[in-house]
Amino acid sequence: MFNIDSLEFDPEKVYDLIILGGGPTAIGCGIYAARFAMKILIIGKVFGGLITTTHIVENYPGVTSISGQGLMEMFRQHMESLNIPFISDEIQSIEKKEDYFFLKTFFQNFKAKTICIATGSERKKLGIPGEQQFSGRGVSYCATCDGPFFKDKIVGVIGGSDSAAKEALFLTQHCKKVYIIYRGEEIRAEPINKKRVLENDKIEIIYNTNVIEIKGDHKINSIIFDNGKEFKVDGVFIEIGSIPNSEIAKKIGVRTNNHGEIMINRKSETNIPGIYAAGDVADAPYKQAITGVSEGVIAAYSAFEYLKNQTIQY
Ligand SMILES: Cc1cc2nc3c(=O)[nH]c(=O)nc-3n(C[C@H](O)[C@H](O)[C@H](O)COP(=O)(O)OP(=O)(O)OC[C@H]3O[C@@H](n4cnc5c(N)ncnc54)[C@H](O)[C@@H]3O)c2cc1C
């Protein structure tokens with residue numbers, strides 16, 4: 001927490017809307033808010049967000065097929081065409097006093113009339129022995145980033161989602177063999193990706209199996225299944241979902257559900273007037289770039305309407 005009474009605010013640093021995050025949701029929100037002529041700022045740890053970790057996006061309307069990086073490059077160009085300011089920094093805390101929100105990063109303080117939390121999520125860890133020890137030495141959470149290091153190797157992808165299927169497909173471009181290890185009976189990928197997985201000779205699915213340990217010396221040698229079997233692999237890609245980045249929101253009383261997702265209504269409003277949330281950090285059941293963008297856009301509309309009904313001046 002910081003003492004907001006002792007902070008001096010440059011009027012240049014008082015905004016109608018500050019958007020927290022650097023992924024598609026934040027940029028979608030920013031594009032609409034800028035076009036509403038709101039004074040806005042986007043603050044994100046890094047530009048691009050989670051989607052930059054995937055090698056291929058084929059479901060974003062208007063773009064038949066593109067890498068996650070490529071898609072976000074288009075978002076960047078759109079953002080820059082509207083002169084939307086983006087600061088690469090991490091929000092440490094938020095406080096509310098009277099009609100304003102005070103945001104603190106490592107180096108700067110900001111003041112806003114409304115905020116939109118679009119901080120996305122972090123990859124979930126398995127929490128098994130060896131995972132942390134071999135992280136970066138065979139354990140990875142991003143096939144696009146680390147796949148090329150596993151040329152002609154044998155790897156395991158742990159998980160059964162569409163993201164896991166896409167990670168496995170990408171890895172076949174580099175690896176000799178890719179095992180999908182899934183605790184369920186059938187992977188939950190989009191039908192088109194499921195078909196690609198099932199038809200790919202390099203991929204084999206091991207069903208009804210949990211990995212309970214990762215073993216090795218200076219790098220991974222094997223994984224242990226819950227049936228006791230030791231299975232030889234050179235690398236493990238963990239793709240078992242994510243945890244919402246909602247801690248700073250919780251600290252100021254923003255309501256979250258049992259999964260830690262920020263609860264929003266159809267106007268992307270949280271329980272605190274003037275605070276909106278959208279995208280992977282929020283409680284919508286489906287989490288995709290396009291759904292995040294649309295919730296972000298709704299947040300921009302709602303913030304604009306909210307300010308129109310306020311009488312506060314700065
Ligand atoms: C392997 C994989 C493949 C995928 N493929 C697709 C696909 O094909 N199509 C599709 O539509 N979606 C896909 N997705 C899902 C998509 O990536 C997410 O739904 C989307 O990125 C969510 O966007 P977001 O902006 O809400 O969150 P994120 O993209 O997670 O962005 C949140 C940003 O906020 C930043 N941040 C966090 N905390 C703070 C803080 N305190 N201060 C400042 N910044 C902060 C983070 O660093 C991050 O940059 C895929 C996901 C994965 C993992």
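Asn208 counts as partly exposed, at 45% relative accessibility; buried here means under 20% relative accessible area, exposed over 50%, and partly exposed in between, with a 1.4 Å probe and protein chains only. The residue sits in the loop between β11 and β12 (211-216), where helices (H or I, at least four residues) and strands (E, at least two) are DSSP runs numbered from the N terminus.

Before I go on, the ground rules. This is a predicted model, in which local features need pLDDT of at least 70 and side-chain atom pairs count only at pLDDT 80 or more, while totals for chains, interfaces and linings use all residues. Residues are numbered from 1 along each chain as its sequence is written, and side-chain values use heavy atoms, with hydrogens and water left out.

Back to the backbone. Glu98 also has a positive phi, about 50 degrees, although it is not a glycine. Glu98 is in the loop between β4 (93-97) and β5 (100-104). With a relative accessible area of 66%, Glu98 is exposed.

Ile205 is buried, at a relative accessible area of 18%. The C-alpha atoms of Ile205 and Val14 are separated by 53 Å, and the two residues are 191 apart along the chain.

Glu204 forms a salt bridge with Lys177, with 3.4 Å between the closest N and O atoms; the criterion is a side-chain nitrogen of Lys or Arg within 4 Å of a carboxyl oxygen of Asp or Glu. Glu204 lies in strand β11 (residues 203-206) and Lys177 in strand β10 (residues 177-181), so this pair ties together parts that are 27 residues apart in sequence. Glu204 counts as partly exposed, at 38% relative accessibility.

How many salt bridges does a search of the whole structure find? The search finds 11. One of them joins Asp16 and Lys113, with the closest N and O atoms 3.5 Å apart. That pair links distant parts of the chain: Asp16 is in strand β1 (residues 14-20) and Lys113 in strand β6 (residues 109-117), 97 residues apart. Are Asp16 and Lys113 buried or exposed? Both are buried.

Another salt bridge is between the side chains of Glu58 and Arg196, at 2.8 Å from N to O. Glu58 is in the loop between β2 and α2 (68-81), and Arg196 is in helix α5 (residues 191-199), so the pair ties together parts that are 138 residues apart in sequence. Glu58 is partly exposed at 35% relative accessibility, and Arg196 is partly exposed with a relative accessible area of 32%.

Now the cysteines. The count comes to one disulfide, taking a disulfide as a pair of cysteine sulfur atoms within 2.5 Å. Cys142 and Cys145 form it, with their sulfur atoms 2.0 Å apart. The link of Cys142 and Cys145 is right-handed, with 75 degrees about the S-S bond. Cys142 is buried, with a relative accessible area of 8%, whereas Cys145 is partly exposed, at 44%. Cys175 is in no disulfide, and the nearest cysteine sulfur, that of Cys142, is 13 Å away. Cys175 counts as buried at 0% relative accessibility.

Cys116 counts as buried, at 1% relative accessibility.

Last, the ligand. It is surrounded by 35 residues, and the closest are Thr25, Leu50, Asn59, Lys166 and Ala289; a residue is near a molecule or strand if one of its heavy atoms lies within 4 Å of it. By class, the shell has 12 nonpolar, 15 polar and eight charged residues. Here Ala, Val, Leu, Ile, Met, Phe, Trp, Tyr, Cys and Pro count as nonpolar, Asp, Glu, Lys and Arg as charged, and the others, Gly among them, as polar.

Which element gives the most to the shell around the ligand? That is α4, with three residues. Elements that each supply at least two residues are α1 (24-35), β2 (40-44), β7 (121-123), α4 (162-171) and α7 (289-308).

An oxygen atom of the ligand is 2.6 Å from an N or O atom in the side chain of Lys166. A ligand oxygen atom is 2.8 Å from a polar backbone atom of Ala289. The protein covers 95% of the 990 Å² of accessible area that the ligand has on its own, with areas from the Shrake-Rupley method and a 1.4 Å probe.

Methods
A polar contact is a pair of N or O atoms within 3.5 Å; within protein, one must be able to donate a hydrogen and the other to accept it, and residues adjacent in sequence count only if both atoms are side-chain atoms.
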